[in-house]
Amino acid sequence: MTDQAQRFSQNPLLSPADLQPSRAGLTITCLLNPGVFTFQDKTWLLVRVAERPQQQEGMISFPVLKGKDIEIIEISVDDPELNNDDARVINYKGADYLTTLSHLRLLCSDDGVSFYEPEGYDILQGAGEQQAFGIEDCRVALIEGTYYLSFTSVSEQGVGVGLRTTRDWKTFTDEGMIIPPHNKDCAIFEEKVNGKFYALHRPSSVDLGGNYIWLAESPDGIHWGKHKCIIRTRKGKWDGARVGAGAAPIKTAKGWLEIYHGANAAHQYCLGAFLLDLNDPSIVLARTDEPIMMPLAEYELSGFFGHVVFTNGHTINGDELTIYYGAADEFVCGAQFSIAGILSSLTYHHAE
Ligand code: MAN
């Protein structure tokens, strides 16, 4: 057993029924994958809220954004041109769609366990063509007083990385799509290294290459270059099909510690860790052979998409790392780890 997570006894911390839908006619199907930050002495979640209409017998229906409105697309489950094998995505007449439309919502907490929606903060919706199928899985990085929100922008044009910045969570600057499709899981470092911004991101290459984690540099946190592939999938292992960064790397005396997710061919999502050189983050020093967390609890094994633990946000207090994570793509949960414990489970000779 390699699972190091001390799960909160209060899990799941948030379930779909805990919030109100964003508009009439929709229900919340999933609350998942929160970005996490501290602001005004509170712990905040920027949670992904995935919605769709109440499903009717024999039909699949899902919303897409049209300007500020939504359009509901309805397809009969008997339609021979429909492929709905995956709860998350469908293919219809050769085109891909998502079964839910996601936006991002702010919640805050005094104790890191009980979260509520504060007054006076707007929800963050997709805006424009590139976000017509929603925005998802936001990482929040605080750099010199500015919060950088890097999230997945989804549309029929593909899946890419969008960026908005804010200093007060009331007004936002939209920096547009910073990394084009197919790309997601973009985590910006919370500190510059040798005067440059760094970010981890995850392109997907269909033929040569794969779903690997890359590193990029930037002079301003907006324009990214010098992309390098640093972490690949490992055939036949728990992270054999896809890997993607979690939240911003954690600075430790030994290096930048990154918690990442890995999935196998059966779509089981676990968490692992790797360590990057403090002065040159393109150097991978070590990586965990085995997961540090795997789906084990009932709420991780069954839900909208079972056998999933997925994180893109955490808080740190000394050696204590509290990760917030999406369980079974339906619930928001929390778990604690010892940073020293994760560091001691890294294998150095497997550095790639
Ligand atoms: C995958 C999953 C989904 C997500 C889409 C688009 O299919 O991660 O949860 O909605 O990608 O990002």
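This is a predicted model: local features need pLDDT of at least 70, side-chain atom pairs count only at pLDDT 80 or more; totals for chains, interfaces and linings use all residues.
**The ligand and its surroundings**

The residues around the ligand are Arg48, Arg88, Val89, Leu98, Glu136, Thr152 and Lys184. Among them, Arg48, Glu136 and Lys184 each have an N or O atom in the side chain for which a distance to an oxygen atom of the ligand can be listed, as the table shows.

| Side chain with the N or O atom | Distance to a ligand oxygen atom |
|---|---|
| Arg48 | 3.0 Å |
| Glu136 | 2.7 Å |
| Lys184 | 2.9 Å |

Taken alone, the ligand exposes 300 Å², and the protein buries 81% of that area.

**Glu136 in strand S10**

Glu136 belongs to strand S10, which covers residues 134–143. Is Glu136 buried or exposed? Buried means under 20% relative accessible area, and Glu136 has a relative accessibility of 5%, so it counts as buried. The side chain of Glu136 is also joined to the side chain of Arg48 by a polar contact of 3.3 Å. When neighbours within four places in sequence are left aside, the residues in contact with Glu136 are Arg48, Leu98, Ser102, Leu104, Phe151, Thr152 and Val154; of these, Arg48, Leu98 and Thr152 are also listed among the residues around the ligand.

Lys184, another residue around the ligand, stands opposite Arg202 in strand S15. Strand S14 spans residues 183–188, and because five of its six residues are buried, this strand is largely enclosed by the rest of the structure. Strands S14 and S15 (residues 197–203) run antiparallel and are joined by four bridges.

In soluble globular proteins, nonpolar side chains tend to be buried together. In this model, the largest nonpolar core has 25 residues, and those with the most contacts inside it are Leu257, Met293, Tyr325 and Phe337. The elements that give two or more residues to this core are the strands S20 (255–263), S21 (269–276), S24 (320–327) and S25 (331–338), together with helix H2 (339–344).

Terms used: Residues are numbered from 1 along each chain as its sequence is written. Side-chain values use heavy atoms; hydrogens and water are left out. A nonpolar core is a set of buried Ala, Val, Leu, Ile, Met, Phe, Trp, Tyr and Cys residues joined through side-chain atoms within 4.5 Å. Buried means under 20% relative accessible area, exposed over 50%, partly exposed in between (1.4 Å probe, protein chains only). Two strands pair if DSSP finds at least two bridges between them. A residue is near a molecule or strand if one of its heavy atoms lies within 4 Å of it. A polar contact is a pair of N or O atoms within 3.5 Å; within protein, one must be able to donate a hydrogen and the other to accept it, and residues adjacent in sequence count only if both atoms are side-chain atoms. Accessible areas come from the Shrake-Rupley method with a 1.4 Å probe; for residues, only the protein chains shown count as cover. Contact means heavy atoms within 4.5 Å.
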